[in-house]
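Thanks for coming. I will take you through one protein model, a few residues and helices at a time. Please keep the picture in view while I talk.

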Amino acid sequence: MYIQLCGYAPAMAKSSGPAARRPHGRRSADGDTTDLREAILAATAGLLADRQFGDLAVGDILTAAGVSRGSFYFYFDSKHDVLAELVRRAVARGHDAAAPWLAVPADPAAALRTGITAGAQLWRQSAPVLRAIVENWRTDPRLEALWTEQMQTFTDATVAQINADPRARQRLAGQDIPALASALTWLGERLYYLAATGAPPFDDQDTLVATLLHIWTTALYEDTSTP
């Protein structure tokens, strides 16, 4: 399940390191407001729909956004910095989807199905940005720090939910819960990525959801999913 995009506890939302931003209320040297920042982000997201991140130059973003080089560097240090912000926004849009599962529901399989389906939709909607981070997070220390931080946050949320659920704790007695949660988190990332790239059989959303639901419910509760 993409609990790594949807599994979230509010206290874990704060980003650090590469996420640090300049003050958003200031004006750039040429008098533009932070609307320029949004233009840069939108232009980059649009370009990623047709180009590999590695082939994208700052100059391409400037042209697409219609902003000056000085304006770009007022808001962002590099194209990696732009991608990092787009990733944080994509992740944030999935945070609420896991709330029913994180609340330790009476029917965990139903709550998981809801979160998994929301994750599939999120990856479909944000595919260019999320493909870019998955394909490039090991190419830049800032992106690596960002993505590993995000993934660990989602793993931590999963661990917390497992520990709060007596059924899951009983099922996993004697198991390394953090390791299992991490495995489920990274497995979800990989399958959602394959779906986002159109790789069968996971390009079919029903197959993707059913597969992840079976894996999660079997691992955590035995197989409580419905056929």
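Let me start with Glu135, which sits in helix H8, residues 127–136. This is a predicted model, so please keep that in mind throughout.

Now the whole chain. The protein has 12 helices and 0 strands. If you read along the sequence, the pattern is α-α-α-α-α-α-α-α-α-α-α-α. There are 227 residues, and 46% of them count as buried. Take the contacts with a separation of 6 or more: 73% of these come from residues 24 or more positions apart.

Next, helix H5, residues 79–94. H5 has 16 residues, and the distance from its first C-alpha to its last is 23 Å, close to the 22 Å expected at 1.5 Å a residue. How many of the 16 residues of H5 are buried? The count is 13, so H5 is largely enclosed by the rest of the structure. At the start of H5, look for Ser78: one of its side-chain oxygens comes to within 3.2 Å of the backbone nitrogen of His80.

Moving on to a helix pair. In general, two packed helices are described by the angle between their axes and the distance between the axes. Helix H11 covers residues 177–196 and helix H12 covers residues 205–221; they pack at an angle of about 175°, and their axes are 11 Å apart. Because that angle is over 145 degrees, H11 is roughly antiparallel to H12. Which residues make the contact? On the H11 side they are Leu180, Leu184, Thr185, Leu187, Gly188, Leu191, Tyr192 and Ala195. On the H12 side they are Leu208, Thr211, Leu212, Ile215, Trp216, Ala219 and Leu220. Sorted by type, the residues of this contact are 12 nonpolar, 3 polar and no charged.

Leu208, in H12, has a relative accessible area of 3%, so it is buried. Not counting residues up to four places away in sequence, Leu208 touches Ala120, Leu191, Tyr192, Ala195 and Phe202. Of these, Ala120 is 88 residues from Leu208 in sequence, while the two are 7.9 Å apart in space, C-alpha to C-alpha. The other residue is Thr217, also in H12. Thr217 is at 0% relative accessibility and therefore counts as buried. A polar atom of the Thr217 side chain lies 2.7 Å from the backbone oxygen of Leu213.

Last, Thr155, in helix H9, residues 141–164. With 3% relative accessibility, Thr155 counts as buried. What does Thr155 touch, once residues up to four places away in sequence are set aside? The list is Pro178, Ala181, Ser182 and Thr185. With Thr185 there is a polar contact as well, 3.3 Å between the two side chains. Thr185 is also among the H11 residues in the contact with H12.

That is the end of my list.

Conventions. Residues numbered from 1 in each chain as written. Predicted model: local features only at pLDDT ≥ 70, side-chain atom pairs only at ≥ 80, totals over all residues. Heavy atoms only, no water. Axes fitted to C-alpha atoms, helices over the stretch in contact; angles between N-to-C directions. Helix = DSSP H or I, 4+ residues; strand = E, 2+ residues; numbered from the N terminus. Parallel < 35°, antiparallel > 145°, perpendicular 65-115°, else oblique. Contact = heavy atoms within 4.5 Å. Nonpolar A, V, L, I, M, F, W, Y, C, P; charged D, E, K, R; others polar. Buried < 20%, exposed > 50% of the residue type's maximum accessible area, 1.4 Å probe, protein only. Polar contact = N/O pair within 3.5 Å; in protein donor to acceptor, adjacent residues only side chain to side chain. Expected span 1.5 Å × (residues − 1).
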